[in-house]
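Hi,

Here is the structure I said I would pass on. Have a look at it first, then read my notes below.

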Amino acid sequence: MARLFTFGSVKSIRFKVISMTLLLVFFSLSIIGIYFYQSIHTILRNNANDNLTRMLEQTNDNLEAQLEMIDSAMISFISNPVINTNLEDQPPTSPYEKWGRKTEIERQMIYLLSNHYLWEKNILDSVFIIDDYGNDYSVLRKYGNMDMQIRRNIAVYKSIDNEPEQTQIVNPTPNDPILYFVKNIRSFLDYSYKGKIIFGINETKMNALYDSIVHYDNSQVFLIDGDGSILSSGNTRLLGHTTDPGLIRFLHTSLFSSVRLNDVSYFVAAKEIKRYNWTSLILIPQNQALSHLSESFGRFIPIALGILFFFLLVGYFISSKVTRPIIDLLKRIELIRRGDYSTRMPAYTEMELNKLAMVFNKMSEEMEYLITDVYEKKLLLRESELKSLYAQINPHFLFNVLETISWYARMSSQVEIHEMVTSLGYMLRSGLAGNGHQKTAISEELKYIEFYILLQRKRFGERLQVDIKIGDDSIRDLLLPKLSIQPIVENAIVHGLERKVGDWQLLVEIRREGGDILFLIEDNGVGFDSVPTGRGGAHNHIALENVNRRIQILYGNPYGISIDSRIGEGTKVTVRIPEDTGIVPENGTGPITGEGRTYVPGVHRG
């Protein structure tokens, strides 16, 4: 049995075939499982949505019916002729008259409440009428703590404005869990203000309407006003407080959604009560609403594991059939890897394996040809190109003449002539003296550029402004192809700046970027959209092409020159080379080239 399940190395084809088989099966089962999970989840969610929304609508209808009864009862109290007549009369002056009026009004209030649904069902907790003179008339369900109830109703009376006609509501608090409905009383004769009638509704009676429809543990029910204050809740400590910020988005809506509060995920059903600008919310823990989902998914997992084990066996036997002929091929591939390019693979009876052998034989023949012929010829070609690029005349006579002129200028106190001749001599010595080296230090190239700029400044004066920036001093010790940057600087001045009216700005910047060295030569000259012609055009065109070609011969095609120019704005030339310390990598082909960079050979500016 152990031999049966020997898979070999994790890099073997057998292991990969079995792994891919299991991966495909696992992926398929995962898709089925996700679909199964999402389908059951959607069904349970929709069921919860339908049931909660329907029950919430029914409960809200009952609540709205009770609110309408409250409004109707308040109107019946206000319109009662006995109550209204007593409030129209002047306030009594003697205690006896006060007691008589109070008795008559409260008798009418008791009469109106008798056999009334709100009073019989214990929904209405108290009724207060407070006239404009501060006299109170009340009917209470419980007369215990009567003084406290009177103080609370007087406080409500004082907190409500006398002008609004609609019913106003004072929210309950943890210390006073009564929801107060307040309406102003107006005179039948002149519509003047006569007082207020206050209905006190116990919040627990309203919350009981919602508790009857919730059958889940840890569920929560809220009745919230338009400002987000809690009017009714199973937790009386929350009364009058602002609701959780996560529930604010449900205000004034009628929807079903999800929310996470205190690290618990809930389904939320919301329904707006437009008459009073209230919103009722029911929160049910998702893990309880979706409890059947876990049970269904638990039955799916053993089936999925059984299918995986079956395909494990199938994958093992298929891989055994595939790997037997491939092992024979690997032996011959190993000979090719060791450098025996003359080795050829035999023919096979299987069409696919035979095609593989033919392709591999052709590849080995091409590799042998490239190693023995093309590669050697390319090395010779590079060597001859480099020799032709650096072939120069013997400059000793020219150097001696320039040194003589420099000496005479110095003896004659012609400092500027001395500096110009010295700079020119250095440039010619660097450009013409063939020392057999293809590369030079960046510091030497900078000296060459500085001498050239000195000569140009003697010619153009302060009009030519040049800024040379170097990322860090260690760059100076790196190598680059000799005379690579000065032709570009010369090109910028001759073709970019000389044709421009106004001040000339030239920037030469050297910096590192991703293991490469970037030379940026930027001017604010006339720019171009095609190859410039005119004085020096052909010369500079050839110079830039030679620089680009030399860089690519030394470092490969990913490196070289790129140009970005806009007419009237200037030109930016970028030269990219690798960080060349003069140490050749083990493969002997030059510095490592970068990836993802494209430079067009032969692109030039003049």
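First, a term: a salt bridge here is a side-chain nitrogen of Lys or Arg within 4 Å of a carboxyl oxygen of Asp or Glu. By that rule, the whole structure has 17 salt bridges.

Keep in mind that this is a predicted model, where local features need pLDDT of at least 70, side-chain atom pairs count only at pLDDT 80 or more, and totals for chains, interfaces and linings use all residues. Residues are numbered from 1 along each chain as its sequence is written, and side-chain values use heavy atoms, with hydrogens and water left out.

Now the sheet. Strands are DSSP runs of E, at least two residues long, numbered from the N terminus, and two of them pair if DSSP finds at least two bridges between them. Five strands make an open sheet with mixed pairing, in the order β12-β14-β15-β17-β16. β12 (464–470) and β16 (560–566) are the edge strands, each pairing on one side only. Further in, β15 (516–523) and β17 (570–578) run antiparallel and share eight bridges, with Leu-518 opposite Arg-576.

Back to the salt bridges. Arg-512 pairs with Asp-472, their closest N and O atoms 2.9 Å apart. Arg-512 sits in β14 and Asp-472 in the loop between β12 and β13 (479–481), so this pair ties together parts 40 residues apart in sequence.

Cheers

Notes
Helix = DSSP H or I, 4+ residues; strand = E, 2+ residues; numbered from the N terminus.
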